[in-house]
Amino acid sequence: MPDPQVLYVVTAVVVLALIAWVVAVLTRTADAVDASKASPLPATSAGSPPPEPDQELPSKTIPADPPQAEHLDFKRPADSLGPAGASTEVQVDVEEEEEPTGPHALILVTAVGRTDPGLKRKHNEDAYTILENHHLFVIADGMGRHAAGEVASKAAVDAIAESFVKGTRPNWVPDGALPKRANQLRNSIILANEQIFHQAHEVEEYAGMGTTVVACYFSPNNQRVYIAHVGDSRCYRYRGGTLLQLTKDHTLGAAGIQGRSSSVLSRAVGVEERVEVDLTMESPLPGDMYLLCSDGLSRMVTDEEIGQALVAVTGLEGCVAKLIEMANARGGRDNITTILIRVEDAPRSSSSPIRV
């Protein structure tokens, strides 16, 4: 029989070795986590120079098997998408929705929109709507074979507008974490996704079609604007001489993938059965301007040049026309759609309906 003292020594050595191994594994794991946190994604292409006039812009597509990096922009894991699979990245102060809405408007909003096919595309696959009575502004930039992009973008703006006019709601469970108005805007895009997805599966010519969406929904009586987007159509705010991009492009480039595929979409409306909608909330001030645009503008004209045009040209009509003119002067390689919204102070004594 072995000496008990020897057994004790051997056991102690084994235990100490196991402890040392566990400590080493934990240390390596912590180092790996710290290293991953210290490696931010590359900056988006918001400030990148426009292409040369003879440079061809890649078609707007979503890869059939997109790299995993595209999901780095997502905030919620797949198992938290809920019964119907709809998820939302939220940057909204929920407490603001608890503020009582006043009987009179605190701000007035005036908007002008325009779309142009550009100089190279055979079809205009952009669509937009200005829903005056609901203070809602939407741009969609479609994609698909043949003219399916036109179908997708029109279906998106129509579905979103209809959800506000008729109160149509999708079969999704409401997100209780969102303010009421933010949830309404989110649900309208979910409804558009549902309709486009089913249409793409019912009509062979529409297979694979989809669209970007960017939308602003103003609440003049409590001085809020809710901004929702999917894809690379953008929303900017011009305030005090500074143009700020409020949305982040859902492209492979924004997820860290460089090269010609960097402009490929990582997310769009109607391509998959469920869609993830990014939401932000702003408190607009009198004098602000909000610009919605398809990438036919943002990929041809720099942010600096957009800001300069907003200052140099008088009137919303003139500004919108100038922006489209600038994109076409650079080659007009894509359809160009813009909505420019001006925020003004509302007369406190006015009890008349809000004008848009």
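**Note on aromatic pairs and salt bridges**

1. Let's begin with Asp 278, which is buried, with a relative accessible area of 7%. Keep in mind that this is a predicted model. The side chain of Asp 278 meets that of Arg 267 in a salt bridge, 3.0 Å from N to O. Asp 278 sits in strand 9 (residues 276-282), while Arg 267 is in the loop between strand 8 (242-245) and strand 9, 11 residues apart. Arg 267 counts as buried too, at 5% relative accessibility.

2. The whole structure has 11 salt bridges. One of them joins Asp 334 and Arg 121, with the closest N and O atoms 3.3 Å apart. Asp 334 lies in the loop between helix 6 and strand 11 and Arg 121 in the loop between strand 2 and strand 3, so this pair ties together parts 213 residues apart in sequence. Asp 334 is buried at 6%, but Arg 121 is partly exposed at 26%.

3. Now for the rings: a search of the whole structure turns up 4 aromatic pairs. In one, Phe 137 and Phe 218 have ring centres 5.8 Å apart and planes at 80°, so they meet edge-to-face. Phe 137 belongs to strand 4 and Phe 218 to strand 5, so the pair links parts 81 residues apart in sequence. Have a look at Tyr 290 as well, which forms one aromatic cluster with Phe 137 and Phe 218.

4. Where do Phe 164 and Tyr 217 lie? Phe 164 is in helix 2 (residues 148-165) and Tyr 217 is in strand 5. Both residues are buried.

Definitions and conventions: Residues are numbered from 1 along each chain as its sequence is written. This is a predicted model: local features need pLDDT of at least 70, side-chain atom pairs count only at pLDDT 80 or more; totals for chains, interfaces and linings use all residues. Side-chain values use heavy atoms; hydrogens and water are left out. Rings of Phe, Tyr and Trp (its six-membered ring) pair if their centres lie within 6.5 Å; planes under 30 degrees apart count as stacked, over 60 as edge-to-face and the rest as tilted. Helices (H or I, at least four residues) and strands (E, at least two) are DSSP runs, numbered from the N terminus. Buried means under 20% relative accessible area, exposed over 50%, partly exposed in between (1.4 Å probe, protein chains only). A salt bridge is a side-chain nitrogen of Lys or Arg within 4 Å of a carboxyl oxygen of Asp or Glu.
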